[in-house]
Structure formats: C-alpha cells, structure tokens
Amino acid sequence: MDIEEPDAPTAFTLLGGEPGVRALVDRFYDLMDLEPAYAGLRSLHPTTTEGSRDKLFWFLCGWLGGPNHFIDRFGHPMLRARHLPFAIGIRERDQWMACMVQAMEELAIEPAMAERLGKALAGTADWMRNKGG
C-alpha cells in the first residue's frame with residue numbers, strides 16, 4: 001500500500017503488526033465458514049482453510065508494508081496468475097470484499113484505515129476476476 005508520507009507508519013504497523021494481520025485473516029476465514037452469504041466464496045477453497053489462511057496472512061504482511069513472508073516462500077505473488085484456476089466473477093469478488101469489510105468492522109479497525117484498506121483491496125479483488133458475472 002502506498003503511504004504518502006515517507007516517515008509515516010505503514011499500514012502493517014497501524015493494524016498491529018503480525019498479530020493484527022493474523023487476527024484480520026482469521027476473522028475473514030471464520031466468517032467465510034460461518035456466514036451463509038459467503039458460501040459461494042467458501043466453495044472455492046479447500047475443505048480446510050489453514051493453507052489459505054497462511055498464504056493470505058503472508059501476502060498481506062508484505063503488501064501492507066511488513067515482512068515479505070509470501071515472497072520469501074513463493075517468489076513474486078503473481079496474484080492474477082495464481083487465481084486463474086478459480087472461477088472468479090463479480091459475485092465472488094463482492095463476497096470476498098463483503099467478508100473482508102465485515103471482518104474489519106468486527107475487529108473495530110479504525111474507520112479511516114478500514115476505508116483506505118478497503119479501497120486498496122477492492123482494486124486488487126476486481127483484478128482477480130476471470131469470468132463474467
């Protein structure tokens with residue numbers, strides 16, 4: 001995420017570092033398991049979500065300005081290429097975003113930070129679309 005001020009804390013720091021990012025990722029996947037509104041999104045994932053949780057956590061740490069755990073393990077994220085095997089359309093994108101927004105709200109992430117993060121994630125989520133509808 002771009003920070004306008006070079007000495008400003010990163011989004012990673014503002015979210016509470018690794019514990020904050022892990023809490024966000026865990027709440028996101030917990031909601032995906034619990035809420036019927038995210039059933040379509042959940043169906044794109046393996047039976048257990050441990051691997052998915054770790055990969056999103058590792059990715060978000062680096063993307064938010066923290067350690068590059070994902071890159072250290074797998075190289076460049078190549079997000080779109082890695083998501084091509086999954087049919088992702090508007091419905092899946094919107095479910096992903098709604099689930100993430102709900103996770104941020106439930107964790108009481110500071111509203112301005114949640115809005116900024118939501119806007120950045122929305123662009124990335126839209127880029128993952130690879131099917132119509």
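Good morning, colleagues. The structure is a predicted model, in which local features need pLDDT of at least 70 and side-chain atom pairs count only at pLDDT 80 or more, while totals for chains, interfaces and linings use all residues. Residues are numbered from 1 along each chain as its sequence is written, and side-chain values use heavy atoms, with hydrogens and water left out.

I begin with confidence. pLDDT is the predictor's confidence in each residue, from 0 to 100. The chain has a mean pLDDT of 91, and 95% of its residues reach 70 or more.

Next, the fold. The chain contains 8 helices and 0 strands; here helices (H or I, at least four residues) and strands (E, at least two) are DSSP runs, numbered from the N terminus. With a radius of gyration of 14 Å, close to the 14 Å that the globule rule gives for 133 residues, the chain is as compact as a globular protein of that length. That radius is taken over C-alpha atoms, and the rule is 2.2 Å times the number of residues to the power 0.38. The C-alpha trace spans about 40 × 30 × 25 Å along its principal axes.

Of the 133 residues, 40% count as buried. Buried means under 20% relative accessible area, exposed over 50%, and partly exposed in between, with a 1.4 Å probe and protein chains only. Contact means heavy atoms within 4.5 Å. Among contacts between residues at least 6 apart in sequence, 70% join residues at least 24 apart.

I turn now to the aromatic residues. How many aromatic pairs does the structure hold? There are 6 aromatic pairs. Rings of Phe, Tyr and Trp (its six-membered ring) pair if their centres lie within 6.5 Å; planes under 30 degrees apart count as stacked, over 60 as edge-to-face and the rest as tilted. One of the pairs joins W58 and F74: the ring centres are 6.0 Å apart and the planes stand at 40°, so this pair is tilted. Because W58 belongs to helix α4 (residues 50-63) and F74 to helix α5 (residues 69-74), the pair ties together parts that are 16 residues apart in sequence. W58 is buried, at 16% relative accessibility, whereas F74 is partly exposed, at 36%.

A second example is F59 with W63, whose ring centres are 6.2 Å apart and whose planes are at 25°, so the pair is stacked. Both residues lie in helix α4, 4 residues apart, about one turn of the helix, and both are buried. W58, F59, W63, F70 and F74 form one aromatic cluster.

Which residue has its charged end over the ring of W58? That residue is R73, whose charged end sits 4.0 Å from the ring centre. A charge sits over a ring if NZ of Lys or CZ of Arg is within 6 Å of the ring centre and within 35 degrees of the ring normal. R80 is placed likewise over the ring of W127, 4.9 Å from its centre.

Finally, two further buried residues. F57, also in helix α4, is buried at 7% relative accessibility. Not counting residues up to four places away in sequence, F57 touches E18, V21, R22 and V25. T49, in the loop between α3 (39-42) and α4, is buried at 5%. Leaving aside neighbours within four places in sequence, T49 is in contact with Y29, D33 and R42.

Thank you for your attention.
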